[in-house]
Amino acid sequence: MAEEAAGPEALSVREVQELVRRKDELEAQIKACYAVLEGQQGVGMDEPLVDAEGYPRADVDVYQVRAARHNVICLQNDHKALMLQVEKALHQLHAREKEKQAKDEAEAQAEAMNQNPSLPQPFARVNAVTPGSPASISGLQVDDEIIEFGSVDTHNFQTLQNIATVVQHSEGLQYSPLAKMTGLEDSKIKVCAF
């Protein structure tokens, strides 16, 4: 994956990986602080540190619990800020990759247009289309040029009788819709395959 800068604040993949590594470290530190709290009679973040009479509890190390709670709060704040950075960086990386992909597709399409092989020569032009006919349903239109009709193409076409023979032999069979191709001069060329 390329690590090109898309702007002054753009992050590379390596920098995003570093942010994720720091996030993992923070999560490990938070987990260690919670382990300290659990080791102190399961005090946690909300249990009172004083007894019923208001004196510090004798069964826990109050200083250690307070320090662990403070560290958890600070580390959670750091974690939240870091997650916002990770989110922003991932959005930038994906947006940059999407732009790169769109650019590559546009370049490939432009190159394909420049290297457009010559289209097969049509052997017939449509003069009329009966409404509701299979040709009409398939999208065939007046002035469309036919380059292939079933097994008939430019190389074996002799007369319209060739097309009539294909139609007779294909009667009642399922046929594929016409595929529409557009040439460089916006001339419509249709292909019909049975």
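I take helices (H or I, at least four residues) and strands (E, at least two) as DSSP runs, numbered from the N terminus. This is a predicted model, where local features need pLDDT of at least 70 and side-chain atom pairs count only at pLDDT 80 or more, while totals for chains, interfaces and linings use all residues. Residues are numbered from 1 along each chain as its sequence is written, and side-chain values use heavy atoms, with hydrogens and water left out.

**Helix H4.** I started at the end of H4, which is followed by Gly172, with a positive phi near 85°. For burial I use relative accessible area: buried is under 20%, exposed over 50%, partly exposed in between (1.4 Å probe, protein chains only). In H4 (residues 160-170) I found Ile163, Val166 and Ser170 buried. They sit on the same side of H4, because they cover an arc of only 60° around the axis (taken from the directions from the helix axis to the C-beta atoms). Gln168 and His169 are exposed on the other side.

**Cores.** I call a nonpolar core a set of buried Ala, Val, Leu, Ile, Met, Phe, Trp, Tyr and Cys residues joined through side-chain atoms within 4.5 Å. The largest has 12 residues, including Val13, Ile30, Leu75 and Leu93. Helix H1 (13-39) and helix H2 (62-114) each supply at least two residues of this core. Another core, of nine residues, lies apart from it, with Val126, Ile146, Val152 and Ile163 among them.

I looked up Gln41, in the loop between H1 and H2; its phi is positive, near 60°, and it is not a glycine. Gln41 counts as exposed, at 56% relative accessibility.
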